[in-house]
Amino acid sequence: MKTVKVPRPMRMVWGSLVAYWLSGVINPAFVAIAVMIILFIPVLIADPYFPTQPDE
């Protein structure tokens, strides 16, 4: 079984800022992507504190 390495929260912040910037350059729909990335950060922070066993 392989483990998946999740991105660090600061990388997620930078990704959301880039998505927000792209909303002004390319398409306004990138604002929704930026908001979804920002809202996912607490999940990444809390994940190491509440580990679960993988189903086999």
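Author: A residue counts as buried under 20% relative accessible area, exposed over 50%, and partly exposed in between (1.4 Å probe, protein chains only). This model is predicted, and local features need pLDDT of at least 70, side-chain atom pairs 80 or more, while totals for chains, interfaces and linings use all residues. Residues are numbered from 1 along each chain, and side-chain values use heavy atoms, without hydrogens or water.

Reader: Is Gly24 buried or exposed?

Author: Gly24 belongs to helix H1, a helix being a DSSP run (H or I) of at least four residues. Because its relative accessible area is 67%, Gly24 is classed as exposed.

Reader: How far apart in space are Gly24 and Thr52, C-alpha to C-alpha?

Author: In sequence, Gly24 and Thr52 are separated by 28 residues. In space, the distance between their C-alpha atoms is 40 Å.

Reader: Are H1 and H2 roughly parallel or antiparallel?

Author: H1 covers residues 9–25, and H2, residues 30–46, packs against H1 with the axes 7 Å apart and at an angle of about 170 degrees. Since angles over 145 degrees count as roughly antiparallel, H1 is, relative to H2, roughly antiparallel.

Reader: Which residues in H2 meet H1?

Author: Contact means heavy atoms within 4.5 Å. From H1, the residues taking part include Met12, Val13, Ala19, Tyr20 and Leu22. Their partners in H2 are Phe30, Val31, Ile33, Ala34, Ile37, Ile38, Phe40, Ile41, Leu44 and Ile45.

Key
Helix = DSSP H or I, 4+ residues; strand = E, 2+ residues; numbered from the N terminus. Axes fitted to C-alpha atoms, helices over the stretch in contact; angles between N-to-C directions. Parallel < 35°, antiparallel > 145°, perpendicular 65-115°, else oblique.
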